[in-house]
Amino acid sequence: MPFTALHPDLGRLDATLPNLGGGLDWSQVHKVRPRVPLVCPECAWNLHPKVSRYGVRFFCHDPGRPPSCEMSNESWEHHMLKLEMAAAIRAAGWYATLEVPAEDGSWRADVMASSVDGAHRMAGEAQLSPITLDDIAARTDRYVDDGIRVCWVSSHERPPQWISTVPAVRVCPPGEREQSWIVDDGLAGFDFAAGRWVFREAPLSEFVRWALHGQLVPVLSLPRYRRVDRVVDGKQWRFRRSLWWTSLQSVDDQEKHEAMRQRQEAAKAEREARQKKREEQEQARKAEEAERQRKQREEESRVHWEKVHRQWAEEAAHRARERAQEDARLAQEQAEREERERQALATARTWWGQLSPQQRTELFTAVTEYAWRESNLRVEIPEKPTTPSEYAYGVPVYALGKQRPLYGVVRPCPSLVASSPHVARLRAKLPGSPRAGRGDAGGPGYGPRPARARATDHVLKAKSVSDGPVEPTGPHILSRPGIRFTVRPPRSCCGRTAGGEAGASSTVRTSMHWPASG
């Protein structure tokens with residue numbers, strides 16, 4: 001549905017002009033017979049004039065047109081947008097020509113605006129079909145190469161992708177016929193106080209007038225200001241725009257704001273540099289102080305550990321001296337103990353050397369008879385009597401039986417009794433004592449608390465076996481747990497002779513002296 005046609009004599013006719021651009025009235029070509037020969041400027045197919053139900057004049061292809069003709073494939077919305085742009089250009093005082101091709105065919109403008117003097121031209125392109133960014137940029141460059149400004153216009157509900165790639169705007173068609181088209185995207189003003197671009201809206205006729213007269217120019221948005229917020233249908237949206245139609249004042253404001261921002265950033269960078277330098281100096285000072293404190297701590301630690309090591313050395317030396325003293329003391333005590341043992345052994349040998357073998361035999365025989373007579377016990381006399389030091393080098397005598405209890409110790413050395421604990425414990429109470437127990441003279445048991453007997457001694461006389469009676473020259477002690485007997489030289493005791501027996505009412509002392517050989 002083109003708006004232009006080629007007349008064989010008048011050339012290009014424009015259906016949007018009152019005189020069709022050739023001095024003809026619309027009635028001279030519309031529904032006249034014979035038909036005026038008109039052809040399409042694009043495909044050279046025959047055209048005939050028509051009027052839409054809305055009163056829009058246009059040319060229509062005759063049946064059988066080529067399907068490749070771009071002018072015949074344009075939509076109704078595309079034609080209406082071209083008409084609006086042409087009307088706005090003419091209202092601004094410029095000439096508007098539709099569907100103008102280049103001489104070399106490199107471009108074809110939907111609407112070409114020309115100044116009255118013909119010195120300036122500007123193309124208006126209604127782009128409703130999809131197009132790539134590279135293609136639209138290439139078509140724009142072809143206009144620029146021929147010294148023609150261009151503005152791409154879209155009426156889609158969503159902004160096209162190329163709106164910030166080439167000089168372009170988006171327009172909204174009116175809801176009513178009396179209303180005007182509105183430019184609502186691609187036009188902006190720079191808010192210096194806020195430091196950002198702000199969307200502006202304007203009627204299409206005013207936008208075209210401002211653009212034709214140079215009041216609006218396409219300008220690149222600096223990278224810092226390309227994000228722009230906008231409220232759409234009550235919601236906050238953020239758009240990215242790198243190219244705007246804007247005023248010269250906004251261009252200047254963006255440059256001034258950018259310069260101010262750069263100065264502020266330079267001042268901020270300088271402040272940060274000074275702050276960083278101060279921080280580095282402070283860090284260096286802290287590092288130096290930390291190093292000084294570290295060295296001080298190391299010195300204090302070294303001094304401390306030297307003191308500790310000295311103390312340890314002194315303590316070790318003191319302990320070594322103490323150990324040496326203790327070792328010397330122990331060695332001295334060991335020597336003294338060995339000396340005492342040697343002396344005790346010598347004393348014991350001297351003590352037992354006072355008796356002849358026969359006297360020893362008589363002594364043990366007397367002990368056996370005494371145990372049977374007094375305690376009704378049979379005692380065992382070892383074939384080779386031993387004289388342990390713990391029994392004051394006396395001979396321990398055990399009673400016959402399963403348990404073999406100790407009956408007593410025969411002839412312990414008197415001077416060693418006090419230093420022999422086993423002999424010192426051989427204590428018992430006598431019959432009739434308030435605290436007597438099983439360890440009395442009548443039995444072999446132990447008393448609960450041993451006590452030294454204080455009764456009259458019993459005298460036992462060792463009879464001579466071969467060489468006459470044993471002459472008592474020293475005490476002979478017979479002891480057993482619970483009773484200690486003492487046999488002294490023959491004398492009268494409690495009305496009894498040396499060979500007599502103790503009566504039923506007599507008591508026995510816990511020590512018993514036996515006569516020794518001369």
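I start with a term: a nonpolar core is a set of buried Ala, Val, Leu, Ile, Met, Phe, Trp, Tyr and Cys residues joined through side-chain atoms within 4.5 Å. Buried means under 20% relative accessible area, exposed means over 50%, and partly exposed lies in between, with a 1.4 Å probe and protein chains only.

I note the ground rules. The model is predicted, so local features need pLDDT of at least 70 and side-chain atom pairs count only at pLDDT 80 or more, while totals for chains, interfaces and linings use all residues. Residues are numbered from 1 along each chain as its sequence is written, and side-chain values use heavy atoms, with hydrogens and water left out.

**Entry: whole chain**

I looked up the element count. The protein chain has seven helices and 23 strands. These are DSSP runs numbered from the N terminus: helices are H or I with at least four residues, strands are E with at least two. Of the 518 residues, 39% count as buried. I then took the contacts between residues at least 6 apart in sequence; 57% of them join residues at least 24 apart. Contact here means heavy atoms within 4.5 Å. The chain exposes about 30100 Å², and carbon and sulfur atoms supply 51% of that. Such areas come from the Shrake-Rupley method with a 1.4 Å probe; for residues, only the protein chains shown count as cover.

**Entry: cores**

Which residues touch the most other members of the largest nonpolar core? I found Leu81, Ile89, Val169, Val171, Phe207, Leu212 and Trp245, in a core of 34 residues. Helix H2 (76-91) and helix H4 (204-212) are among the elements that give two or more residues to this core. So are strands S6 (95-101), S7 (108-114), S8 (121-126), S9 (149-154) and S10 (168-172). H2 supplies the largest share, seven residues.

Leaving out residues up to four places away in sequence, Phe207 touches Cys151, Val169, Val183, Leu187, Leu216 and Trp245. There is also a second, separate core of 25 residues, which includes Trp352, Val367, Tyr407 and Val417.

**Entry: cavity**

Next I searched for empty space. Rolling a probe the size of a water molecule over the atoms shows where empty space is left. The search uses a 1 Å grid over the protein atoms alone; a cavity is a set of points where a 1.4 Å probe fits but cannot get out. A pocket is an open set with protein on both sides within 12 Å along at least five of seven lines, and lining residues have an atom within 4 Å of a point. Points are joined across faces, edges and corners, and a volume is the space filled by probe spheres set on the points.

How many cavities of 30 Å³ or more are there? I count one. The largest cavity has a volume of about 120 Å³. Its lining has 13 residues, and Met85, Met122, Gly124, Cys151 and Val208 lie nearest the centre. H2, S8, S9 and H4 each supply at least two lining residues. H4 gives the largest share, five residues. By class, I get twelve nonpolar, one polar and no charged residues. Ala, Val, Leu, Ile, Met, Phe, Trp, Tyr, Cys and Pro count as nonpolar, Asp, Glu, Lys and Arg as charged, and the others, Gly among them, as polar.

The largest pocket holds about 630 Å³ of space. It is lined by 21 residues, of which Met80, Glu84, Pro174, Arg177 and Trp181 lie nearest its centre. H2 and H4 are the elements that give two or more residues to this lining. H2 gives the most, with six residues. The lining has eleven nonpolar, six polar and four charged residues.

I also checked Ser180, in the loop between S10 and strand S11 (182-185). Ser180 touches Pro174 and Pro203, not counting residues up to four places away in sequence. Ser180 is partly exposed, because its relative accessibility is 42%.

**Entry: backbone**

The peptide bond from Arg33 to Pro34 is cis, with omega near -5 degrees. Pro34 is in the loop between strand S2 (11-14) and strand S3 (38-39).

Ala392 has a positive phi, near 55 degrees, in a residue other than glycine. Ala392 sits in the loop between strand S19 (379-380) and strand S20 (395-399). Is Ala392 buried or exposed? Ala392 counts as buried, because its relative accessibility is 0%. Tyr393 has a phi near 60 degrees, a positive value in a residue other than glycine. Tyr393 counts as buried at 11% relative accessibility.
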